[in-house]
Amino acid sequence: MKVSVSILSAVAAVMLTAGAQAATQSELMMNGRSPHGLPVAAVKADKVVNVKQGGFVNVDCGQIVEFRDGAKTFTWKFDSAQHRAVNLPVIAPEGFANTNFTVYVGRNESEGS
């Protein structure tokens, strides 16, 4: 069982590192994380978005969103203190769609107004 946990931990670390590298250096916070949230392993997403079907999506802070571009996918948890809009190529892994697609992050119900 310890081997399986170690493998899962290693995979998660690689995914987090890849996601952090996807953000431009100027977009990273002092702790190395993106101010827009973090990539997550394949989990049940709150929302699935096909980037070919539109130029934007509205999400709530804390939501997990799976982005699809044909056969390519990545999943991101929006955990943003500033609730800023972000252009998808800023958080997408290298090789994902480089389209002008904006994610608008709003407050969730527990954050109030």
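Before you start: residues are numbered from 1 along each chain as its sequence is written, and side-chain values use heavy atoms, with hydrogens and water left out. Because the model is predicted, local features need pLDDT of at least 70, side-chain atom pairs count only at pLDDT 80 or more, and totals for chains, interfaces and linings use all residues.

**Exercise 1. The sheet**

Work out the strand order of the open sheet and how its strands pair.

Step 1. Strands (E, at least two residues) and helices (H or I, at least four) are DSSP runs, numbered from the N terminus. Two strands pair if DSSP finds at least two bridges between them.

Step 2. The open sheet has 4 strands in the order β1-β5-β4-β2, with mixed pairing. β1 (38–39) and β2 (47–50) are the edge strands, each with a single partner, so one side of each has no neighbour in the sheet.

Step 3. Go through the pairs. β1 and β5 run antiparallel and are joined by 2 bridges, with P39 opposite W76 in β5. β4 and β5 are antiparallel over 6 bridges. β2 and β4 are parallel over 4 bridges, and V48 has E66 in β4 as its bridge partner.

Step 4. Look at the turn. β4 and β5 make a hairpin with 2 residues between them, and G70 in that turn has a positive phi of about 65°.

**Exercise 2. The aromatic rings**

Classify the ring pairs F67 with F78 and F74 with F96.

Step 1. Rings of Phe, Tyr and Trp (its six-membered ring) pair if their centres lie within 6.5 Å; planes under 30 degrees apart are stacked, over 60 edge-to-face, and the rest tilted. This rule gives 6 aromatic pairs.

Step 2. The ring centres of F67 and F78 are 6.2 Å apart and the planes meet at 75°, so this pair is edge-to-face. F67 sits in β4 (residues 64–69) and F78 in the loop between β5 (72–77) and β6 (86–87), 11 residues apart.

Step 3. F74 and F96 are also edge-to-face, at 4.9 Å centre to centre and 85° between the planes.

**Exercise 3. A histidine in a loop**

Is H83 buried or exposed?

Step 1. Buried means under 20% relative accessible area, exposed over 50%, and partly exposed in between (1.4 Å probe, protein chains only).

Step 2. H83 has 16% relative accessibility, so H83 counts as buried.
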